[in-house]
Amino acid sequence: MGKLAKLMRLTLDSTRSHFMVLADEVDMLDQYAALCQLRYGDFSWNVEVDEELDLYETKLPPMMLQPIVENAVQHAVRPNLNAGKDAVVSLHFESHEVGLQVVIIDNGPGMKSDAATSEGSHGLSILLERLELLSKKYGTRFELATESTEGEGSNTGTRVSLILGTDALE
């Protein structure tokens, strides 16, 4: 219950601001992953932050990453755990010329080529709309790219890359 309460507090706090610091975003995602581990079973959760990034100075729009992590849990972790396979979700935060690049990788079954635009994927389509609005508002890059990663002739995961023009949030 404590993990859920903390996640709710962080989520509510994030809705009151136009941006949040990277440390809070990472904390919120850690809380979400911990709850998912309790609900679905243990999976590998890895977060790496580039040394060049200051966790308390790097700003990003709130709730940008949670829908992507939620997709990774629903479409990669759960199917893998149900099939008795190991499940892995990794996040990499890296410095980018316009601010921040976030790469989220899972080892699930991959995604269909039209998954980002399908009717069932409301989270990604809403996120794409937000990124377009942010790009227009700040006049800098906010982009999303998704791809299935392949291994041994079959899809073995999904890689989602976000470029967030965080320099514009200063």
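Mentor: Let us begin at the end of a helix: α3 is followed by G84, whose phi is positive, near 75 degrees. The model is a predicted one, in which local features need pLDDT of at least 70 and side-chain atom pairs count only at pLDDT 80 or more, whereas totals for chains, interfaces and linings use all residues. Residues are numbered from 1 along each chain as its sequence is written, and side-chain values use heavy atoms, with hydrogens and water left out.

Trainee: What makes the span of α3 close to the expected one?

Mentor: Helices are DSSP runs of H or I with at least four residues, strands are runs of E with at least two, and both are numbered from the N terminus. Helix α3 covers residues 66-82, which is 17 residues.

Trainee: Where does α3 bend, and by how much?

Mentor: The bend is at V73 and amounts to about 35 degrees. Such a value is the angle between axes fitted to the seven residues ending at a position and the seven starting there.

Trainee: Which residues of α3 are buried?

Mentor: They are Q66, P67, I68, V69, A72, V73, A76, V77 and N80. The term buried means under 20% relative accessible area, exposed means over 50%, and partly exposed lies in between, with a 1.4 Å probe and protein chains only. Of the 170 residues of the chain, 42% count as buried.

Trainee: Why is W45 called buried?

Mentor: W45 has a relative accessibility of 17%, so the term buried applies. This residue is in strand β2, residues 44-49. Contact means heavy atoms within 4.5 Å, and beyond four places in sequence W45 touches L29, D30, A33, Q37, V69, V89 and L91. The C-alpha atoms of W45 and S90 are 5.9 Å apart, although 45 residues separate the two along the chain.

Trainee: Why does M63 receive another label?

Mentor: At 23%, M63 is classed as partly exposed. M63 lies in the loop between β3 (59-60) and α3, and has a positive phi of about 60 degrees although it is not a glycine.

Trainee: What makes E97 and R141 a salt bridge?

Mentor: The term requires a side-chain nitrogen of Lys or Arg within 4 Å of a carboxyl oxygen of Asp or Glu. For E97 and R141 the closest N and O atoms are 3.5 Å apart, so the pair qualifies. The two are 44 residues apart and link distant parts of the chain: E97 is in the loop between β4 (88-96) and β5 (99-106), and R141 in the loop between α4 (122-138) and β6 (142-151). E97, at 64%, is exposed, whereas R141, at 30%, is partly exposed.

Trainee: How many salt bridges does a search of the whole structure find?

Mentor: The search finds 4. One of them joins E132 and K136, with closest N and O atoms 3.4 Å apart. These two lie 4 residues apart in helix α4, which means a separation of about one helical turn. E132 is partly exposed at 46%, and K136 is exposed at 62%.

Trainee: What is the N to O distance for E143 and R141?

Mentor: It is 3.0 Å, and their side chains meet in a salt bridge. E143 is partly exposed, at 36%. Through shared partners, salt bridges join E97, R141 and E143 into one network.

Trainee: Which residues touch the most other members of the largest nonpolar core?

Mentor: F43, L65, F93, I104 and L164 do so, within a core of 33 residues. At least two core residues come from each of α2 (22-40), α3, β4, β5, α4, β6 and β7 (154-164), and α2 gives the most, with 6. A core of this kind is a set of buried Ala, Val, Leu, Ile, Met, Phe, Trp, Tyr and Cys residues joined through side-chain atoms within 4.5 Å. Beyond four places in sequence, the contacts of F93 include L22, V26, L29, L65 and L100. In soluble globular proteins, nonpolar side chains tend to be buried together.

Trainee: What pattern does the chain follow along the sequence?

Mentor: The pattern is α-β-α-β-β-α-β-β-α-β-β, with 4 helices and 7 strands.

Note on methods:
Expected span 1.5 Å × (residues − 1).
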